[in-house]
Amino acid sequence: MTGHELKQLREYLGDAIGKPLSVADMAKLCGLDPGTGADTIRKWEVTGPSKQVSEQLRVLSMASDRYPILENFNIFDRFDVDEKDRPARRQAFREKMRDDVRRRLG
C-alpha cells in the first residue's frame, strides 16, 4: 500500500461510515496511540505503511463498497448460497465491517 492509497482509504472509509476520518482516527484503526500515532499516519501517508499494517487495512477496507471483498472472506459466491441472496449477504457483510470500524473508533 502506498501513501496515496492510504490517504484514499481514509477518505473511502469515512464515506462508508458516514463521517470523515482524521489521522488520529486512522491511528486508532491501526492500533496506534491516537496522539502520537497521528504523526505516524501522516508519515505513512507519504511513505506508505508497513506490510503488516497494510494487511490489516486491507481487511478493514472491505467496509467500503469501493474495495473488493477479499477471497478468503468471500463466502457468498459458493454453490450453497442462492444467487438471488448473494447481494443482500454481501451488503450485510459490509455493514458488519462498517460497524466494526465504528466500534474501533469508540
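Counted up, that gives five helices and zero strands, where helices (H or I, at least four residues) and strands (E, at least two) are DSSP runs, numbered from the N terminus. Please keep in mind that this is a predicted model, in which local features need pLDDT of at least 70 and side-chain atom pairs count only at pLDDT 80 or more, while totals for chains, interfaces and linings use all residues. Residues are numbered from 1 along each chain as its sequence is written, and side-chain values use heavy atoms, with hydrogens and water left out.

Let's begin with the whole chain. Its C-alpha trace spans about 45 × 25 × 20 Å along the principal axes. Of the 106 residues, 42% are buried; buried means under 20% relative accessible area, exposed over 50%, and partly exposed in between (1.4 Å probe, protein chains only). The accessible surface comes to about 6,400 Å², and 50% of this belongs to carbon and sulfur atoms. Such areas come from the Shrake-Rupley method with a 1.4 Å probe, and for residues only the protein chains shown count as cover.

Now follow the chain to helix H4, which covers residues 51–60. Here Val53, Ser54, Leu57 and Leu60 are buried. These residues lie on the same side of H4, because they cover an arc of only 115° around the axis; the arc is that of the directions from the helix axis to the C-beta atoms. Turn to the other side of H4 and you will find Lys51 and Gln52, which are exposed.

Why does serine 54 count as buried? The reason is its relative accessible area of 7%. If you leave aside its neighbours within four places in sequence, serine 54 is in contact with Met1 and Pro49.

Our last stop is isoleucine 75, in the loop between H4 and helix H5 (86–105). Is isoleucine 75 buried or partly exposed? It counts as partly exposed, because its relative accessibility is 45%. Arginine 86 is 11 residues away from isoleucine 75 along the chain, and the C-alpha atoms of the two are separated by 9.3 Å.

Notes
Contact means heavy atoms within 4.5 Å.
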